[in-house]
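Dear colleague,

I am handing over the structure below, together with some notes on its charged side-chain contacts. Please read the notes alongside the coordinates.

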Amino acid sequence: MFQAPLPKEYTELTSEETRERIRKAKQTLGKRLIILGHHYQRDEIIEHADYRGDSLKLAQDALKHPEAEFIVFCGVHFMAESADIVTPDHVKVILPNLAAGCSMADMANLFQVRSCWKQLEETLGDLSVKNEKWKILPVTYINSAANLKAFVGEREGVVCTSSNASKIVQWAFQNADKVLFFPDQHLGRNTGVKLGLHHEKDMCLWDPHQPMGGNSADKIKESKLILWKGHCSVHTRFTPEQVIEARKKYPDVKVIVHPECPMEVVQLADEVGSTSTIVRIVESSPDGTTWAIGTEINLVNRLAKENPGKKIFSLDPMICPCSTMYRIHPSFLCWALENIVKGTPVNVIEVPPKVKHFAKLALDRMLALS
């Protein structure tokens, strides 16, 4: 989405001036405000957050404060949408910088997914008729637009996160012969393998830019898990060679990676988990341990700083920031908060009522299964 440039007043502030104005605005707003900070945000944002965590945890944290009028979500667009979906109507959710999107979420749009569904119907028959089992159920990763969550909710499907993907996909297979999983192929593939599927025989990759996703009708019919051709630009930077090099340099190293990493990396790791899982495992490990982590650099650096008794470093020596998360600069946070104080809130994220209704069905279905 388009974000207009900040007023000159904010771009000319020093770091300390910005920090102090954020603190003052936050103090003025008091209990009317909750600030949520995703794990991948820079420290200069996290220091102002009331809660930090992954996208779903933060949306749930917001529900702990029914008295709040404003939620400022320091994350990316789909996260702010999710918060708007699950919070009461009187709450305004604000994204400090509208340009903070997600490249993975952008790899699947509603037009493409509807086209995919239509082509699957032409190949498999009517997908809307339920006998003993659905022919296919859609599962969308939480890293997707609200209208895709609604698409899934309207078709009896469900949302998943990186921490509950196995449980959610397993449920889908109990209720359908096939699963369409989008937008992240790697989370889908790693989840399928974990559940005992073969990554070639039982799966196929759907390229939205090709007819039939680049597959034959026979391949679609034999595949149990249809994976969307999408990925995370951060987590696909990690390679098997980096794991091998880390083990060569530190023989006692433990490698932990996010399940959005390619399957070849995941299979070489000692541990695999969501951002919250990575934090929990590393923090609970004894001092003296060595960890090579395959996820975003701000989280890795923060873990290293907060766990000085352990050696913690990124698998990728070239460093791997999430560039869209980085667009939430303290100057934007300051601007957003001071506009709330003035009574002129900016960048309010509002999901249309019909989209919100069906998206909430998909999210509620996930929470009931988790």
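Predicted model: local features only at pLDDT ≥ 70, side-chain atom pairs only at ≥ 80, totals over all residues.

Asp-207 is buried, at a relative accessible area of 11%, whereas Lys-229 is partly exposed, at 43%.

A search of the whole structure gives 25 salt bridges, and one of them pairs the side chains of Arg-19 and Glu-47 at 3.2 Å, N to O. Because Arg-19 lies in helix 2 (residues 15-29) and Glu-47 in the loop between helix 3 (43-46) and strand 2 (51-53), this pair ties together parts that are 28 residues apart in sequence. Glu-47 is partly exposed, with a relative accessible area of 38%.

Within helix 2, Glu-20 and Arg-23 are three residues apart, so about one helical turn separates them, and their side chains meet in a salt bridge of 2.7 Å, N to O. Glu-20 is partly exposed, with a relative accessible area of 38%, and Arg-23 is likewise partly exposed, at 39%.

Finally, salt bridges with shared partners connect Glu-16, Arg-19, Glu-20, Arg-23 and Glu-47 in one network.

With kind regards

Notes
Residues numbered from 1 in each chain as written. Heavy atoms only, no water. Salt bridge = Lys/Arg side-chain N within 4 Å of Asp/Glu carboxyl O. Helix = DSSP H or I, 4+ residues; strand = E, 2+ residues; numbered from the N terminus. Buried < 20%, exposed > 50% of the residue type's maximum accessible area, 1.4 Å probe, protein only.
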